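Hi there,

Here is the structure I promised to pass on. Have a look, and my notes follow below.

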Amino acid sequence: MKILAIVPARGGSKGIKNKNIVLLAKKPLISWTLNECKKILDSRKYDIDFIVSTDSKEILDVACKEGFYNDQLRPANLSSDAALTLDVLKYELLKKEEIIKNKYDYVLLLQPTCPLRRSKHIEDCIDLMFKNDVDSVVSVKNVAISGDHPFRMKKIENNMLVNFIEQGFEDMRPRQELPDVFLRNGCVYLTRASLIREGETVVGKKCLPYIMDEESSTNIDTHADLFVAEFYLNQLANQV
């Protein structure tokens with residue numbers, strides 16, 4: 001089974017300038033993901049190719065230093081805020097298949113904003129896919145654990161605060177009594193290449209979850225997320 005792993009790293013970002021190469025624990029953010037990719041390559045367990053898709057020469061330079069060479073920048077129409085991830089994946093998949101004159105079975109999406117995702121998480125998702133007849137495997141986290149449960153969420157209608165999910169009562173149960181609810185954490189998306197190639201979807205209908213803990217699910221959107229991630233990384237370093 002042949003896998004194309006794509007690390008999409010756009011140069012522009014609004015929340016954090018040059019987010020994908022901002023320093024986190026003295027390394028560019030994208031390097032944390034690429035280092036885990038190298039571990040998978042070194043293991044030689046899978047027939048897998050890794051590419052970094054970007055519109056930024058700076059990001060390409062960082063990727064090259066980490067051992068991931070790409071001599072082409074992503075086109076401008078796939079580099080704006082409005083660009084769809086599906087379109088980026090399809091572009092890179094078709095381009096790579098044209099180069100190798102062969103087709104991939106799966107596309108693996110690894111966002112560089114997940115610095116605490118480890119190679120084991122990725123390998124677990126690949127093994128899940130290989131052992132099951134499904135379209136996709138997607139990593140998730142349990143939001144009930146953090147307290148961000150949808151039964152506690154609100155919306156504003158006519159200036160009044162109302163339940164986002166109406167149960168007919170105000171749900172004040174302790175979080176331990178609330179049903180488990182899972183949210184995509186952005187760490188791993190693994191999908192049949194045919195769905196990407198045909199421009200259908202990043203996540204197929206037959207989708208298996210891969211549950212990750214809150215710490216490993218850390219996703220960088222804000223400067224506060226950087227502080228949290230650095231705290232976790234320092235803790236991990238002290239445990240070694």
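Contact here means heavy atoms within 4.5 Å. This is a predicted model, in which local features need pLDDT of at least 70 and side-chain atom pairs count only at pLDDT 80 or more, while totals for chains, interfaces and linings use all residues. Residues are numbered from 1 along each chain as its sequence is written, and side-chain values use heavy atoms, with hydrogens and water left out.

Let me begin with H149. Leaving aside neighbours within four places in sequence, H149 is in contact with V143, A144, L178, P179 and V181. H149 has 1% relative accessibility and counts as buried (under 20% relative accessible area; exposed is over 50%, partly exposed in between, with a 1.4 Å probe and protein chains only).

Next, the salt bridges (a side-chain nitrogen of Lys or Arg within 4 Å of a carboxyl oxygen of Asp or Glu). The structure holds 19 of these salt bridges. In one of them, E66 pairs with K38, their closest N and O atoms being 3.0 Å apart. E66 is buried at 18% relative accessibility, whereas K38 is partly exposed at 29%.

Another salt bridge joins the side chains of K154 and E170 at 2.7 Å, N to O. Both ends are partly exposed: K154 has a relative accessible area of 31% and E170 one of 43%.

E157 also forms a salt bridge with K155, with 3.2 Å between the closest N and O atoms.

Best wishes
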